[in-house]
Structures are given as C-alpha cells and as structure tokens.
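Here are my notes on this one, jotted down point by point. Have the model open while you read.

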Amino acid sequence: MTTKKVVSDLKKIIQIQEKIIKRQEIEVKALLNVIKRAQTRSEDYCQWLIWYRREAETLTRIIESFISSEKIDADYKASIEDLKQELAWAEHPDNSKFDMEDKNES
C-alpha cells in the first residue's frame, strides 16, 4: 500500500468515527431531554397531589364540623357518614380498602 492510500483510508475512518460521535451526542441530548421532561412531570404531579390532599383534608374537616354542629335527621347523617368514608382514602392513601382504582372498577 502506498502512503497516499493509507492516509486516504485513515481519513475515511476518522470521518466515520466523527459521524458516529455526532450521532451519539444527539442521542444523549435526546435522552437528557426525555429525562428532564419526566422529572418536570413528576414534580408537577407531586405538587398536584399536595394541593389535592390539602383540599380533601379541608373538605373532610368541613364535613366533620357540619356533622358535629348540626342537628340533622338519621338518614341525612348516614349519607354524610357515607361521604366521609368515601373521602377517607385522602387521609389514608396507603389503605387498599379506599384505593381509587378499586372504586373505579365497581
């Protein structure tokens, strides 16, 4: 092989390696973007959960206050107790009895 041929082959190898490196950089950037979006969504869902739980706890306190302060008939009081039990999962999210997925299936 001549020196020119070797140099030409080496240049082609370098060009191919540069293309591979550029593609890998693009893949890494795309992966980082996906990870950043997933992290942002996770943070958004956590914030939503905090707001939702706070509102559920507030509603539960209002219901408890209403039950304890008002003189209401037995049927109405039973309905409020049922509602209170439905909201109990917000206070105890690890209780499988009050899991929302189970509620949606029935």
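**Notes on the model**

1. Overall burial first. This is a predicted model, and 9% of the chain's 106 residues count as buried. The chain exposes about 9600 Å², with carbon and sulfur atoms supplying 57% of that area.

2. Fold, such as it is.

3. Confidence. Mean pLDDT for the chain is 77, and 69% of the residues reach 70 or more. Among the elements, α1 has the highest mean pLDDT, at 88, while helix α3 (residues 100–105) has the lowest, at 46. Across residues 97–106 the pLDDT is below 50, and this stretch makes eight contacts in the model beyond near neighbours in sequence.

4. The nonpolar patch. Which residues make the nonpolar surface patch? They are Trp48, Leu49, Ile50, Trp51 and Tyr52, and together they give a patch of about 560 Å².

5. The structure holds three salt bridges. One of them joins lysine 5 to aspartate 9, with the closest N and O atoms 3.8 Å apart. The cut-off is 4 Å, so a separation of 3.8 Å still counts. Both residues lie in helix α1, four residues apart, which is about one turn of the helix. Lysine 5 is partly exposed at 43% relative accessibility, and aspartate 9 is also partly exposed, at 25%.

6. Salt bridges, arginine 53 with glutamate 57. Here the N to O distance is 3.0 Å. Again the spacing is four residues within helix α1, about one turn. What is the exposure of the two partners? Arginine 53 comes out at 31% relative accessibility and glutamate 57 at 28%, so each is partly exposed rather than buried, given that buried means under 20%.

7. Salt bridges, arginine 54 with glutamate 55. The closest N and O atoms of this pair are 3.8 Å apart. Glutamate 55 is partly exposed at 47% relative accessibility, and arginine 54 is partly exposed with a relative accessible area of 44%.

8. A buried threonine. Is threonine 60 buried or exposed? It has a relative accessible area of 4%, and the buried class takes anything under 20%, so threonine 60 is buried. Threonine 60 is placed in helix α1, and its side chain reaches the backbone oxygen of alanine 56 at 2.8 Å.

9. What to keep in mind. For side-chain detail, helix α1 is where I'd look, as it has the highest mean pLDDT among the elements. It also holds the lysine 5–aspartate 9 pair, the arginine 53–glutamate 57 pair and threonine 60. Residues 97–106 are another matter, with pLDDT below 50.

Notes. Residues numbered from 1 in each chain as written. Predicted model: local features only at pLDDT ≥ 70, side-chain atom pairs only at ≥ 80, totals over all residues. Heavy atoms only, no water. Patch = residues over 30% accessible without salt bridge, like charges linked within 9 Å, V, L, I, M, F, W, Y side chains within 5 Å. Areas by Shrake-Rupley, 256 points an atom, 1.4 Å probe, with all protein chains shown as cover. Salt bridge = Lys/Arg side-chain N within 4 Å of Asp/Glu carboxyl O. Buried < 20%, exposed > 50% of the residue type's maximum accessible area, 1.4 Å probe, protein only. Helix = DSSP H or I, 4+ residues; strand = E, 2+ residues; numbered from the N terminus. Polar contact = N/O pair within 3.5 Å; in protein donor to acceptor, adjacent residues only side chain to side chain. pLDDT = per-residue confidence, 0-100. Contact = heavy atoms within 4.5 Å.
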